[in-house]
Structure formats: C-alpha cells, structure tokens
Amino acid sequence: NCLRFQYSANAGLPAQDTGRSLYEAVEKGLSNAPKTFLEKRSWLRGILALSRIIEWHIVSFFLLIVIAFSKELVWGWVYSIQVASGVFWVFNALHLCWALLEVWSIYPGIQVSGTMVSGSVFSLVARYLILVYQTLYITWASNSSGKQFLGVEGDSSFWWWQYMWLSFVCMMPYMFESLFQLYPTLTTKICLNKNDYIKSFLNILYPASRLYVGKEMHESFDHTFAYVFFWGTLIAFKLGFSYTFEVYTMVLPTLEMTDDFVNYPGQSFWRMCILLALRWLPQFLVYIIDMSIWYAVWQAFAGTTVGFSEGLGDIRSIDDIRENFGRAPESFCKKMLSPDAGSRRGSSASFLGTSSNNVNLPESSSLLASDPHRLRSYVNHRLLDVRIQKWVMFSAAWNEIIDHFRDEDIISNRERDNLKFSRFEGFSQGIYLPAFQTAGVIDNVLQQFKRPSDEYAGKGGDVNDDDFFKPVLEDVTMR
C-alpha cells in the first residue's frame with residue numbers, strides 16, 4: 001500500500017510510468033493510517049521509568065531502619081532477621097505496583113501479542129495472591145504461638161518459614177536479573193532465543209525482554225567488573241553515610257514519640273502517625289537526593305584515575321600536540337568503524353589495520369614467496385591507501401567540528417583556517433594537513449641540514465644518507 005503514495009511536489013499529478021491515474025499524496029495516507037503507538041502522558045510515566053531506582057531506595061531505607069532500631073533496642077539477631085524479612089513483602093508489593101503501571105501505560109492503545117497479554121495477566125494474579133498469603137503468614141508469625149489458622153496449628157517460627165518459602169518464589173526473577181547483570185553475555189543469549197516457551201517465560205518474569213533494543217549491547221566481563229566495583233564502593237559509602245547521619249539520628253525521637261502515645265492517655269494515634277511521617281519524610285527525601293551527590297564525587301574520582309592512567313591532558317609542547325593529532329585517525333577509526341570495515345567480501349586490507357601484520361596469512365605468505373618488489377608494491381599501495389582513507393574519514397569529522405566551533409563563535413576565521421584540513425582540486429592527495437600541524441616544519445628541516453657533520457658522520461668520517469636524513473624522517477609530520 002505504501003507504493004501508492006508519493007512524497008514530492010508532484011504528488012497528485014498524472015502518473016506516466018504506472019497504470020494508475022494519480023500519485024496520491026503521502027499526507028493522505030498518513031491521515032488515514034492509525035497510529036501504532038499511543039503514548040499516555042502523565043507523571044506516572046516518570047515514576048515507571050525510574051521504578052528500579054525508587055524501588056532500590058525504598059528497600060535499602062527499610063533495611064537501614066531495621067538495623068538502626070535493632071541496635072537501639074538491642075534486638076537479638078533472630079528477631080532482627082525476622083523483622084528484616086519484611087523486605088520481601090515490600091519487594092512484592094512494589095513489583096505489583098510497577099506491573100499495574102505497565103499495564104496502564106500500554107492498554108488499550110498498543111497492540112500486544114497474545115503471549116505478552118497472558119504473561120501480564122498471570123504475573124498480576126500470581127503476584128497478588130502471593131502478596132495476600134505473605135501478609136497472612138507474616139501476621140500470624142507475629143502472634144503468640146499455639147493458635148490455629150486455616151485448620152493448621154503452628155507457632156510463630158512455623159508461619160515465618162512459610163512466609164520465607166513463599167517469598168523465595170517471588171524473589172526468583174530478581175535473582176535471575178542479578179545474574180544477568182553480573183554476566184551480561186547471558187542476557188544476549190537468552191533474550192535472543194527463538195524458543196516459544198522461553199519467550200513466554202521471559203514475558204512473565206522478565207518484562208524488559210519485550211523491548212526491541214539493548215539485547216546485544218553487552219559488555220565484557222572486565223568492563224562489568226569495573227562497573228560493579230564503581231557502584232559497589234559508591235553504594236557502600238552511601239549506605240554507611242546515610243545510616244549514620246540520616247537514619248540512626250531519627251530512631252530516638254521516634255521512640256520518644258511512640259512512648260508518649262503509649263504512656264500518656266488521650267493521645268491520638270493518627271496524630272502520632274502524621275508527626276512521625278513529617279519527621280521521616282525529609283530524611284527519606286535527602287536519602288534519595290544525596291545519591292546524586294555521591295555519584296558526582298565518585299565520578300570525579302573515577303575520571304581522575306582514568307585521566308592519570310591514560311595520560312589525558314599530558315601535552316606540554318606543540319610537538320606533543322602534533323604527535324597526539326597524528327594518532328587521532330587511528331583511534332577515530334577504531335572507535336567509529338567495525339573491525340572488518342574495508343575488508344568485506346574477502347578483501348585483505350582493513351581500515352583498522354596499518355601494518356602488514358593485519359594481512360591474512362595465506363595472502364602474505366604468497367607475497368613473501370614471490371618477487372620482493374611485489375611485496376613492496378603491495379605495502380606502498382594497498383596499506384598506504386588504507387592509511388590515507390583513515391585520514392580522509394577523520395578529516396571530514398574534524399572539519400565538521402571546527403565549522404561548528406566557528407558557528408558558535410568559539411574560534412575566529414583565522415583560527416578556523418589554521419585548524420581545518422585542506423582540499424585542492426587537481427592535486428595528487430585527497431587532503432592536506434592543517435596549518436598548525438605543518439607550521440615550522442620546513443624551518444626544522446633546514447635547521448637539521450645545517451647541523452655539524454660530526455653529528456651524523458661515521459667513525460671514519462663517512463657520511464651515510466640514512467644517518468643524515470634520520471632526524472627529518474622521524475619528524476611527526478613526515479611520519
């Protein structure tokens with residue numbers, strides 16, 4: 001149907017090369033076509049997008065509160081673990097909220113598959129039932145032992161273990177997701193699997209697999225380790241700081257307010273709850289916000305470490321600038337091009353290789369076994385041509401950056417002309433280096449020619465051309 005429309009100024013005029021009488025305008029087709037994605041704009045969208053961050057802050061804040069109260073009230077470790085196990089109820093309740101928000105965001109404007117609908121319904125129903133039974137079990141576990149519930153008699157320890165086994169079931173998706181984060185290659189293998197049963201399983205327990213992007217963008221294990229180390233140290237420091245200055249300082253005022261409610265008659269329960277909420281809400285807001293502060297500090301530390309290790313900014317003279325600029329095309333092509341760029345369909349010269357070591361073994365062996373002039377010709381023409389192609393591609397991007405600097409009035413016209421690569425019609429080379437890269441080179445060459453002969457003469461006073469021209473050929477611009 002899309003071939004019936006035309007996007008040009010001639011839309012609506014008689015057709016000459018088709019059997020139809022008219023080309024229909026593309027706006028007519030767009031007006032008649034329904035929109036496939038109807039976005040619901042609401043503040044709930046932002047909450048859904050930041051659901052994982054919000055969930056982490058709520059869960060970690062709850063655990064810090066339990067640790068602070070257990071220290072102040074001198075709880076035993078068994079009772080502390082039982083109270084901290086309430087975090088599983090929080091996990092399940094939040095997951096149910098995010099699932100409801102996700103259903104709200106896609107229904108009814110987006111067409112979804114049957115497996116996705118079935119997975120969402122099953123996940124909502126299962127999460128709700130588990131949440132109900134979690135609530136019952138943890139409530140019965142807090143009562144005195146010896147009572148009978150649902151025809152089963154058991155003490156608090158019995159019902160608490162029932163709660164724990166049920167919580168383990170709803171925590172399985174988090175365990176799998178943690179494994180995927182620690183070993184990203186596993187995410188690619190599973191998310192790209194074509195098996196219908198695995199896809200249905202992912203629709204239920206791993207909703208992010210429904211996305212079309214991000215399934216093959218995994219990092220190596222070394223990069224993952226560095227990433228986990230960065231966030232692990234950051235989170236450990238943040239939790240320690242927040243526990244000391246944001247959570248533990250609120251324990252004693254909270255106990256005093258609840259003590260007043262218990263010991264003094266006529267106190268309103270709801271008034272106490274409102275006062276406690278007003279006390280804890282600012283602390284929770286600061287707990288959420290200060291993560292960005294510590295992230296900026298950790299980012300500065302990491303950037304400084306990387307800068308020192310890679311020598312960023314270590315440029316002391318114009319020679320250093322020229323030498324670093326000479327390596328820029330190689331780094332540019334390595335980052336921006338795939339490793340097999342320029343070597344498709346069996347070509348042996350790749351854009352990302354500059355030496356004969358990058359030539360595949362069969363071809364290099366055949367060249368070495370034949371005339372040596374053939375090998376020299378191959379290196380001079382094929383590999384040198386690849387090097388020039390790198391400079392051409394880099395020059396296009398470099399000139400665009402310099403033009404942008406001039407449009408933003410960051411540099412002047414004179415500075416722009418000195419920084420840009422030059423192109424001349426009819427000249428042998430496609431591009432020529434910027435003026436700042438070649439400035440003063442002729443003077444340096446002439447100065448080398450005028451140096452005393454005892455600096456390059458041999459033991460017997462013989463003059464060798466290689467020794468005489470060596471300082472010139474080793475210049476950054478000549479290389």
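Student: What makes Asp403 partly exposed?
Tutor: Asp403 has a relative accessible area of 26%, and the label covers what lies between buried (under 20%) and exposed (over 50%), with a 1.4 Å probe and protein chains only. So Asp403 counts as partly exposed. Before going on: this is a predicted model, where local features need pLDDT of at least 70, side-chain atom pairs count only at pLDDT 80 or more, and totals for chains, interfaces and linings use all residues. Residues are numbered from 1 along each chain as its sequence is written, and side-chain values use heavy atoms, leaving out hydrogens and water.

Student: How do you know that Lys420 and Asp403 meet in a salt bridge?
Tutor: Their N to O distance is 3.1 Å, and the rule asks for a side-chain nitrogen of Lys or Arg within 4 Å of a carboxyl oxygen of Asp or Glu. So the pair qualifies as a salt bridge. Lys420 lies in the loop between helix 17 (413-419) and helix 18 (435-438) and Asp403 in helix 16, so the pair ties together parts that are 17 residues apart in sequence. By the way, helices here are DSSP runs (H or I, at least four residues), as are strands (E, at least two), numbered from the N terminus.

Student: And why is Lys420 called partly exposed?
Tutor: Because its relative accessibility is 22%.

Student: What makes Lys238 and Asp290 a salt bridge?
Tutor: Their closest N and O atoms are 2.6 Å apart. Lys238 sits in helix 11 (residues 221-247) and Asp290 in helix 13 (residues 269-310), so this pair links parts 52 residues apart in sequence.

Student: Are those two buried or exposed?
Tutor: Lys238 is buried, at 0% relative accessible area, and Asp290 counts as buried at 5%.

Student: Why is Lys390 called buried?
Tutor: Because its relative accessibility is 2%. Lys390 is in helix 16 (residues 372-407).

Student: What makes the Lys390 and Glu330 pair a polar contact?
Tutor: Their side chains come to 2.6 Å. The definition wants N or O atoms within 3.5 Å; within protein, one must be able to donate a hydrogen and the other to accept it, and residues adjacent in sequence count only if both atoms are side-chain atoms. So the pair counts as a polar contact.

Student: Last one: why is Leu150 called exposed?
Tutor: Because Leu150 has 64% relative accessibility. Leu150 is in the loop between strand 3 (148-149) and strand 4 (152-153).
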